[in-house]
Amino acid sequence: MPVMPGFPHRGRRRFLGLAGTVGLLPWQTALATMCADRRRSWQPCRVLLDDLPRAMAAFAVPGVAIAVVEDGAVAWQQGFGVLHAERRTPVTEDTLFEVASLSKPVFAYLVLQLSDAGVLDLDRPLVAYRRPDYLGESPWLARITARDVLRHTTGLPNWRAQPATETLEPKVEPGTRIDYSGEAFVWLQLVIETLTGESLDRTARTRLFAPAGMRDSSYAWNEAMAARSVYGHRAHDAGEAGMPPQMLREQWSAAQTIADRDGIPLSDWTWAEAARALPAVQAATPPGLANWPGDILANAAASLRCTVGDYARFLALSMTRGAQRAPWEIAEATRQAMLTPQTIGATPWSAKGLGWNIEPTADGPVFHHAGSNGGIFKNFALGDAARRRGFVVLTNGGSGQYLYRRIVRAATGLDLLAFDR
């Protein structure tokens, strides 16, 4: 749906407005007291950590990982709970999470690296680089640029309902409003594939993961990653017991058989490899599991898998760098552009930078992004570029958003408007 200007007419937000005249609400007071030194540090205090098992049980979230960035570096990280509710393997600092849409800012950074290197022009229409055969006939398609993708102004839908048979068309004129779109990120991913001549994951490993020390990050999959990865769990109010379908895990486990047969790792698959493998994967899996090559290909919008520490390392790259900036990092002007709000369709809770959401607070602007895959993985990352601090919470539960909001509020003191959308 389009984002409309102005504030939402919602009960809690109106109530908070009234509360501002009479003091904090009881739940705000409790959270504020929980970590009273949050302005000095965003590291979770002992009271919050002691209360975490109770909160995890209340929201039926079996596993959580938290990391904190202070002074532009990872200062603290810890895992809690288990990978799988029935197997009881503990979450550790080495556990891999499916970070869902937290994949998008990482991909945006990679795109901006290529832009700084002159490989890609952010304002050149994507069709000039690559026009996937699943695009429709709208003349608006010829106007969509990489900048539109990163700030979500392509007019494209988030995902098509039937990608095997449905063409991709913009709903509105590009550049006129915010329409959150994973499809747009996949199209830009294919452009990057054309420009580099290699898979998304290989490009990310070479240009970003390796130099940034993100040794446990991948947009793809293999058996070693499977052993260290969390499973997703239904929301506590879903009314259905047991483990739900695991989406990417099931799709890629089927694709892994083809990759082993052909001797090409999934991390090196391009769109062409995925398209060739699709019939074999479909023949070996239940109907509807793999509908188009995008279901078994590394996905710039949603398939990043990493440790909480690795994501915190990436978060630090969005902070002010100064003389510490390495040659492979994006230029300072590019970094600032990444965190500069776009004016098109922006509201106080959804201003878009280039890959990040931007929100003003009483302490200054912060950047953030949430992630949700399949209703079973809920994640959140937050940064304050001026103070060079950040916060990451990764979960493996369908009610994880309630938990991460509680944790972020208590540890940082920020009750973001984005939490109330």
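A polar contact here is a pair of N or O atoms within 3.5 Å; within protein, one must be able to donate a hydrogen and the other to accept it, and residues adjacent in sequence count only if both atoms are side-chain atoms. This is a predicted model, where local features need pLDDT of at least 70, side-chain atom pairs count only at pLDDT 80 or more, and totals for chains, interfaces and linings use all residues. Residues are numbered from 1 along each chain as its sequence is written, and side-chain values use heavy atoms, leaving out hydrogens and water.

**View 1. Q77 and the backbone of G309.** Look for Q77 in strand β2, residues 73–81 (strands are DSSP E runs of at least two residues, helices H or I runs of at least four, numbered from the N terminus). A polar atom of the Q77 side chain sits 3.5 Å from the backbone nitrogen of G309. With 18% relative accessibility, Q77 counts as buried (under 20% relative accessible area; exposed is over 50%, partly exposed in between; 1.4 Å probe, protein chains only).

**View 2. F97 in strand β3.** F97 belongs to β3, residues 97–98, and is buried at a relative accessible area of 0%. Beyond neighbours within four places in sequence, F97 has contacts (heavy atoms within 4.5 Å) including V64, V230, L304 and L394.

**View 3. Helix α4 against helix α11.** Here P105, V106 and Y109 of α4 meet Y311, F314 and L317 of α11. By class, that makes six nonpolar residues, no polar and no charged ones (Ala, Val, Leu, Ile, Met, Phe, Trp, Tyr, Cys and Pro are nonpolar; Asp, Glu, Lys and Arg charged; the others, Gly among them, polar).
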